[in-house]
Amino acid sequence: MPALVNFGGDDDFYYGSSFYTNFTDLGRLCSISSQVDVYYPPRKRARVIAPFIFQETVFEQKKQPSIDVLPDECLFEIFKRLPGGRERSSCACVSKHWLMLLISIRKGEYESSKAVKENSDSVSDDAEMISSDEDEGYLTRCLEGKKVTDMRLAAVAVGTSGHGGLGKLSIRGSSSSRGVTNFGLSAIARGCPSLKTLSLWNLPRVGDEGLSEIAKECHLLEKLDLCQCPSVSNKGLISIAENCPNLTSLSIESCPKIGNEGLLAIGNICSKLQSISIKDCPLVGDHGVSSLLLSTSAVLSKVKFQGLNITDFSLAVIGQYGKLVTNLMLSGLQNVSEKGFWVMGNAQGLQKLVSLTITSCRGVTDLSLEAMGKGCTNLKQMYLRKCCFISDDGLVAFAKSTGSLECLQLEECNRVTQSGILGVLSDCLLKSLTIVKCMGIKDISLEAPLSSCDSLKSLSVRNCPGFGTASLAILGKLCPQLQHLDLSGLCGITDVGLLPLLESCEAGLVKVNLSGCIKLTDEVVLALTRLHGGTLELLNLDGCRRITDVSLVAIADNCVFLSDLDVSRSAITDSGVAALSYAEQLNLQVLSFLGCSGVSNKSLPFLKKLGKTLLGLNLQLCNSISVRTIELLVETLWRCDILF
């Protein structure tokens, strides 16, 4: 056999008797002697010395490796007897034909798998060792873009079997005609029975057939994520429910053929389901959602519903039977009215709810918000986005009714004003407050005394144009224990408004983000470093155009623990960079000079010195730095990720 496999071609010698045992073939070759000169050495093959090319119909003795002429049935039996995954991977590299044969063999059909199963009692240790090597599912693969094809999935299925087994697979495809089909998913199913997590995104050619193959072969599946899979219907989801009893997490997004029937099967069969997320599935309604919640109420802890055609009935079921739900997210529920949210709160079933996020739901009003506060007694995190009917009264009533709230985030809630924010700070023990794009907040001064909120550690006010100097002064008096301060995008604040807040922070600021505050000057940075230089770890001054080298000198002199500094689009120059490099106590890890035209090639030695501790350096749009300087930095600072 080795001689046949290694047979090379025309230049090999043939030892023994005549090459042609059939005299008819010999005569056929001799019949062309009138056209060419042929020499027959006694111990060699015939060699043609004339410039003539034999046609295949004439010279039929062209030799091929003998294993290729075996029928697929024989190769199938040979491959079934390969001892392990490494040998299968080697065979898969020979040709596409062999790869196709290998992926047609299920894991249990290999003789090695059968031997392990038969001898598991007598040699349990060896069996466990073999099983752990190939079936535990240690490996993770993520395939993205147009390069994701059936052939690549087939190669993954064969290649991972001998290196710990595939446990997690993420496929993010495209609309390409060469994308993944049911064939590729079936290859994964047959070759990777250890699969526990599967994520399928944007795969229009994958349907119920491929998902059913996964269900039949991958019984250990625990997490399934389907996004933009228009060909997957209830049939595929039912197959998952019937064959994957260990399913704990299910996420479905933009799958127009999945509806109530599939969710009903999941709820009735998958008794271990802990997390469910459904988004933009038009066929999902009250029947599917309520059945799912009723069947899994004993274990379900995370619920996320977005853009569904559900009504008040579904929210009533959530409020009544979500006894173990800790995280709830509701978004874009246009058919849910004020009554639905009010009933959900008053049902008193969400006693273990810790985090609640509501986005773009017109049913959230002052009345329903107060009811949710009373019904969710252990709520710690509340996120309200684009809830246009919430006012100061509802927000303050909610804060009073829930006694455990620690984190509050308001985004685009335009009826909320400064009075509502101050009322919340006075009535509950918040640790974190975030306000984003709330246009109703205006800069007004209040004369009435307010109690301080010593519990607040983090304050973030972003892109609120009405938030100015007076508001900052009030917050400075109310929140003396601030450690994290984010005022990004507040174009109206000045040094006069920010300085009192900096002076009132007794605990010491750790992270400060002032990006986009275009009116701030070096005076603020001088005060910040003088008062909080011993605790400051992050400082973002991106877009503060009045910040100069004076600020960098103050940072170099006073900051001890600063590791992240961003002075992009400011007025700093090479002198400021030099000052930073001379600071012996500084251990900067991330430094950004994006768009700083004052930084030039002269900063090269200073950047090299700073680079001893840097892990990230941003020099994009620094037009005064040459390409040669960048190349020297890349060569010298090999540990640092440089953007240019």
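Biologist: Why are helix 13 and helix 14 called roughly parallel to each other?

Modeller: The axes of helix 13 (residues 286-295) and helix 14 (residues 312-321) cross at roughly 5 degrees and come within 9 Å. Angles under 35 degrees count as roughly parallel, over 145 as roughly antiparallel, 65 to 115 as roughly perpendicular and the rest as oblique. The crossing angle of roughly 5 degrees therefore makes helix 13 and helix 14 roughly parallel. The axes are lines fitted to C-alpha atoms, for helices over the stretch in contact, with angles from 0 to 180 degrees between N-to-C directions. Helices (H or I, at least four residues) and strands (E, at least two) are DSSP runs, numbered from the N terminus.

Please keep in mind that this is a predicted model: local features need pLDDT of at least 70, side-chain atom pairs count only at pLDDT 80 or more, and totals for chains, interfaces and linings use all residues. Residues are numbered from 1 along each chain as its sequence is written, and side-chain values use heavy atoms, leaving out hydrogens and water.

Biologist: Which residues of helix 13 and helix 14 meet?

Modeller: On helix 13 look for Asp286, Val289, Ser290, Leu293 and Leu294, which meet Phe313, Ser314, Val317, Ile318 and Tyr321 of helix 14. Contact here means heavy atoms within 4.5 Å. The residues of this contact of helix 13 with helix 14 divide into seven nonpolar, two polar and one charged. (Ala, Val, Leu, Ile, Met, Phe, Trp, Tyr, Cys and Pro count as nonpolar, Asp, Glu, Lys and Arg as charged, and the others, Gly among them, as polar.)

Biologist: What makes helix 16 roughly parallel to helix 17?

Modeller: The axes of helix 16 (residues 366-375) and helix 17 cross at roughly 10 degrees and come within 8 Å. With that angle, helix 16 is therefore roughly parallel to helix 17. The residues of their contact divide into four nonpolar, three polar and four charged.

Biologist: How do you know whether Gly262 is buried or exposed?

Modeller: Buried means under 20% relative accessible area, exposed over 50%, and partly exposed in between (1.4 Å probe, protein chains only). Gly262 has 0% relative accessibility, so Gly262 counts as buried. You will find Gly262 in helix 12 (residues 260-269). Leaving aside neighbours within four places in sequence, Gly262 is in contact with Asn234, Leu237 and Ile238.

Biologist: Why is helix 18 described as mostly covered?

Modeller: Seven of the 10 residues of helix 18 (residues 418-427) are buried. Among them are Gln418, Ile421 and Leu425. The buried residues of helix 18 pack against helix 17 (392-401), strand 13 (407-411), strand 14 (432-436) and helix 19 (469-478).

Biologist: What makes Tyr582 and Phe606 an edge-to-face aromatic pair?

Modeller: Rings of Phe, Tyr and Trp (its six-membered ring) pair if their centres lie within 6.5 Å; planes under 30 degrees apart count as stacked, over 60 as edge-to-face and the rest as tilted. The structure holds one aromatic pair. Tyr582 and Phe606 lie 6.1 Å centre to centre, with 75 degrees between the planes, and form an edge-to-face pair. Tyr582 belongs to helix 23 (residues 574-582) and Phe606 to helix 24 (residues 604-610), 24 residues apart.

Biologist: Are the two residues buried or exposed?

Modeller: Tyr582 has 52% relative accessibility and therefore counts as exposed. Phe606, with a relative accessible area of 18%, is buried.
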